[in-house]
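Student: I would like to learn how to read helices and their packing. Can we work through an example?

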Amino acid sequence: MFDSINRRDFIAVAGGVAMGSASVGGVAGQETPITNDNTGSEQNASSPDGAVEVEFGLRDGTPEYSISFDGDTLIEPSPLGFEFADTDALDSELTVTGCTTESVDETWEPVWGTTDEIRNHYNELAIGLEETNDPNRVLTVVFRVFDDGVGFRYVLPEQDAMDAFVITSENTGFRFAEDYTTWWIPDDYDSYEYLYEETPLSEIAPLDDQRENATDADGVNTPVTMRTADDVHLSVHEAALTDYAGMTLTRVDDGPTEFQSTLVPLPDGSKVKAETPHATPWRTVQIGREAGDLIESNLIVNLNEPAAIEDTDWISPGKYMGIWWEIHIGKSTWVPGPDVGATTENTKRYIDFASSHGIPMLLVEGWNVGWEGGFEAWSNPPDTFDFTQSIDQYDLEEVVEYGNQQDPPVDIVMHNETGGGVSNYEEQLDEAYDLYERLDIPAIKSGYVSEEGLRVDSEIYHHHSQRMVNHYEMATRKAAEHEIMLNVHEPIKPTGERRTYPNLMTREGVSGLEYENFREEGNPPAHTVTIPFTRMLGGPLDYTPGIFDVLYPEYGETRIHDTVARQLALYPMLFSGLQMVADLPEKYDDLDLFEYIERVPASWDETVVVNGSIGEYATIARRSDEEWYVGSGTGETPRTLEIPLEFLDGGPYVVAAHTDGAEADLETNPMDVESTTFLARSDETIHASMVSGGGQALRITPVSEADANPGELSEYRPPEYEYDTLLVPYGVAAGDPTVVSVEVTNPGSVVGGETLALYVDGEQVDSTVARVPAESERQIDFPLRLLEGGDHELGVGPAGEGPVLSKPTTVEPPSDEFERFEYREFTVPDQATVDEEVEFTVDVENTGDELSIQVLKLTVDDALVEARQVSLDAGASETFTFTHAFDRPGTYEVALEDLDAREIEAE
């Protein structure tokens, strides 16, 4: 089953899982000290293209490194070294004993991934160091410099001066040259499930709402991504995390841009227990001229060992459904009883749907004994989960057989939630995996939910400690021995291990879709255009997309903060070897849309990032065989992205586009999707017009020679608007609300989203995103209230470009009688409930010297909603009450006459 990997077996920590020491094969000078004539105290290495440079030096015996890109320093000279228990630190009084260099340029084929082949091209510099004083311990530092960044690691060679050792601190410095804009999550030792913050490095600080296992230091988990003032992007992470503690970064001595590695501790406070020879994980700095370069980088997987599995034919990336979302929204539960979701009958219902739509796998949560009593019971001792025994309402072997009988068949994905009871799980692994192999189970979703840490032999370990790093690897190896793929939740972060263990298909370690139900704001629209540039740089992530019923009002007050088009777009945007089809079967009633999910792959032959601005927008194109899938998304800001099809090979191609519809709105109508099909070629540019939180999903298929003109499909036309029939008001009185309208035609192949503006006397006074369906026309209205009488020129045209159409109008000045009324104490509540009337009050006084009759006008977002005739004697005042019911959620502006508008939130 396994190729040999150079490992020495030993017990990693007292009472811990038996694991091998970190691999020391494949890197020059790792197993033995480096000694030769190249003993200069200053060394350097550059990337093959010369853009990335590493400089190494000894400053008074202390080792330092720095990194530059295109001649600009990114990381200033930063220290290297260790502190140990019961012995001196190894970070000073060192001398160079020799250096070796090597250049490598090779190409390898992953079993699956983001591309069908990967070039591994780097220049390596390995530096031997030795203490100048007794006991003369030796250390090797190895740098690999790629065109897309740097990886460096420490190696403690086999030596008489050091055998077994205990690391109490790894002192790798990261002295960043500027106060970079940074996307980060806190240094929680047990969870990565946070929304990303965007701040300068100097403003990284503990969060008010962080969990108790996050530290009080100014620290971050990795990957942590940064942008320089010159728009260079870099991300710090690690690769090949094996038999070692996970690394965080912590601020040093209140330095605004100076950080240092911090290792996740074991229960006794130490960080790593090992023996020589031992190699640390690679400390990585990915670098790109654009944000998308980080996603396209293969530096992390290149720094991992080749596949340790000989026969990989059984590894099959794919999609899976699950009895999962229905539990999260409250339709069913994990707890055995009348509401449990994991019943034989319900599982067969899911299997029927999955088979009819070619979804090859089904996850069933709550199937096994141990869920009784709910979260407080199963996530605390005694650990009662049984990983082979089904509950009474679920017959494992019956549903497995039923799935196998379908055409095409549907395999069951086992759920192994540990509830934090790691010892309980390890004791059952052999028996459980034997059973799963006998049943031809292809995959396991494992879970390590525990707010208090993980229980191992009566001690509590952090999820990201060395002990758990070894556990996750042990479970991965054992799964491979039984030909089982893994999807790990509450994991250690990915660091490229899928190259070595290609059965490690995906993992969570992110604020996934389930958090839409766990916090009030859910996952805001910016989240899924941030994580491709942060968390996903480490490796695949199981975000669990595919929700069509994004509001699900019958199941509570939470919702998905995406449009349906965005949910489709997440499939190519977010990479996962096991990709979930998360919604309930009955919600996939739009089979035209669902066809996109049916066909989208989970493994790719090529990946191209077309657009990218972290937290703002992204377009990611991925190819499988000859078919491309392109996902675009935007954050809070509606926008239209241009998608040049330069990644295609000529053409023509058939493009099936699913875009936010003309009536789409994140708050009020997130399910509106416009689907169009047309022909396009590589020299054309598709437009993705998206509302806030919206998206576009494309499937691009080459036209075969036998089908050179597929049906009546038209060639692609961009959504370039044409304007006609400008309607402007005439004879309105100053201060009266009115409307300017224009007919807009979109001759294009996809919905348009051009920003149109209203111009008064040549000045832009208002704008709106005009969404017009493909090959359609639509009237766009601009509410207007002109306060100055006289002649005016009203026009409409693209924002910032001036009017395309304009017409004159005359505004009548207000009458003397109009000026007699004064309005005070206009009261608007802060909140309202949808479909329930809310009251607005205003005090009105007639300041004139005779009776006055006027019409008061209440407007909402400049649209008239109520008009009332008011009669007041001279000097009289009265309070008037208006009522209005809002028919949909949102923030509205309520105004009365010349009073300032007030905001109200309807929920």
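Student: At what angle do helix α7 and helix α8 pack, and how far apart are their axes?

Tutor: Keep in mind that this is a predicted model. Two packed helices are described by the angle between their axes and the distance between the axes. Here α7 (residues 422-438) and α8 (residues 466-481) pack at about 10 degrees, with axes 10 Å apart. Angles under 35 degrees count as roughly parallel, so α7 and α8 are roughly parallel to each other.

Student: Which residues of α7 and α8 make the contact?

Tutor: From α7, they include Val422, Tyr425, Leu429 and Tyr433. From α8, they include Met468, His471, Met474 and Ala475. The contact residues divide into 8 nonpolar, 1 polar and 6 charged.

Student: How do the axes of α9 and α10 cross?

Tutor: They come within 10 Å and cross at roughly 15 degrees. α9 and α10 are therefore roughly parallel to each other. Their crossing is left-handed. Val564, Leu568, Tyr571 and Pro572 of α9 meet Leu593, Tyr596 and Ile597 of α10. That contact has 7 nonpolar residues, no polar and no charged.

Student: Which residue with positive phi follows α4?

Tutor: Gly358, with phi near 70 degrees.

Conventions. Residues numbered from 1 in each chain as written. Predicted model: local features only at pLDDT ≥ 70, side-chain atom pairs only at ≥ 80, totals over all residues. Heavy atoms only, no water. Helix = DSSP H or I, 4+ residues; strand = E, 2+ residues; numbered from the N terminus. Axes fitted to C-alpha atoms, helices over the stretch in contact; angles between N-to-C directions. Parallel < 35°, antiparallel > 145°, perpendicular 65-115°, else oblique. Contact = heavy atoms within 4.5 Å. Nonpolar A, V, L, I, M, F, W, Y, C, P; charged D, E, K, R; others polar. Left-handed = near helix turned anticlockwise from the far one by under 90°.
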